[in-house]
Amino acid sequence: KGNTNAKILFVGEAPGRNEDEQGLPFVGAAGKNLDKLLAQVGLTLDDIYITNILKCRPPENRDPAKEEIKAHTPWLKKQIREMKPEVVCSLGNYATKFFLAKGKINEMDEQPGITTLHGKPLQIEFDGLSIKLIPLFHPAAIIYNRSLISLWEQDMEVVKNEVGK
Ligand code: URA
């Protein structure tokens, strides 16, 4: 959801039950938190586009399996090829590791995690595109750990600079 002409693409992990039912990313509890966190820093769905690594919900919300990531990411790559974002904000560990591993699923595990990488822009080559990757905490993690809010706000200053807001 959002603006396909935006410079910034947010990428989450996988739809939950509500997202699956509505066919839209981030509409459940994590999505409501994301809406609130974006509004607090003055960003709207006109400034960004939001999607997920997986395009449907893993049973019982379990972590996505490697084969599932492999099966679903051709759609993500197609979205990226069409949108050509300048900046990708990866939400949480899965998306961050996917982009750091340049989409090579077997290299995801060895990548550093979100706790060390959040808010630090990294220039990467992904599928022939030069992209600035800005890892961010997952909005669901912020629901459970409110102390992450101030770090999120600091990280969003980096994102806002990118959209000139
Ligand atoms: N969590 C995600 O990573 N994506 C969604 O769409 C919803 C929750």
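**Notebook: ligand site and pockets**

I began with the make-up of the largest pocket: its lining has twelve nonpolar, seven polar and five charged residues. The model I am reading is predicted.

**Entry: the largest pocket**

I looked up the volume next. The largest pocket holds about 540 Å³ of space. I found 24 residues in its lining, and Ala14, Gly16, Ala30, His138 and Ala140 are the closest to the pocket's centre. I then checked which elements give two or more residues to this lining, and they are helix 1 (17-22), helix 2 (29-40) and helix 6 (139-144). Which helix gives the most to the lining of the largest pocket? I noted helix 6, with four residues.

**Entry: the ligand**

I asked what takes up space in this pocket. The space taken by the ligand is the largest pocket. Around the ligand I listed Gly12, Glu13, Ala14, Pro15, Glu19, Pro25, Phe26, Ala30, Asn52 and His138. By class, this shell has five nonpolar, three polar and two charged residues. Ala14, Ala30 and His138 were already in my notes, among the residues closest to the centre of the largest pocket.

I then went through the distances to oxygen atoms of the ligand. For glutamate 13, a polar backbone atom is 2.8 Å from a ligand oxygen. For phenylalanine 26, I again found a polar backbone atom, here 2.9 Å from an oxygen of the ligand. For histidine 138, the atom belongs to the side chain: a polar one, 2.9 Å from a ligand oxygen. How much of the ligand's area does the protein bury? The ligand taken alone exposes 240 Å², and the protein buries 90% of that.

**Entry: the second largest pocket**

I moved on to the second largest pocket, which has about 190 Å³ of space. Its lining is made of 14 residues, and those nearest its centre are Pro15, Gly23, Leu24, Pro25 and Lys55. Helix 1 and strand 2 (48-52) are the elements that give two or more residues to this lining. I noted that strand 2 has the largest share, four residues. Sorted by class, the lining of the second largest pocket has six nonpolar, four polar and four charged residues.

I compared names between entries. Pro15 and Pro25 are among the residues nearest the centre of the second largest pocket, and both also stand in the list around the ligand.

Conventions: Residues are numbered from 1 along each chain as its sequence is written. This is a predicted model: local features need pLDDT of at least 70, side-chain atom pairs count only at pLDDT 80 or more; totals for chains, interfaces and linings use all residues. Side-chain values use heavy atoms; hydrogens and water are left out. A residue is near a molecule or strand if one of its heavy atoms lies within 4 Å of it. A polar contact is a pair of N or O atoms within 3.5 Å; within protein, one must be able to donate a hydrogen and the other to accept it, and residues adjacent in sequence count only if both atoms are side-chain atoms. Accessible areas come from the Shrake-Rupley method with a 1.4 Å probe; for residues, only the protein chains shown count as cover. On a 1 Å grid over the protein atoms alone, a cavity is a set of points where a 1.4 Å probe fits but cannot get out, and a pocket is an open set with protein on both sides within 12 Å along at least five of seven lines; lining residues have an atom within 4 Å of a point. A molecule sits in a cavity or pocket if more than half of its atoms lie within 2 Å of its grid points. Ala, Val, Leu, Ile, Met, Phe, Trp, Tyr, Cys and Pro count as nonpolar, Asp, Glu, Lys and Arg as charged, and the others, Gly among them, as polar. Grid points are joined across faces, edges and corners, and a volume is the space filled by probe spheres set on the points.
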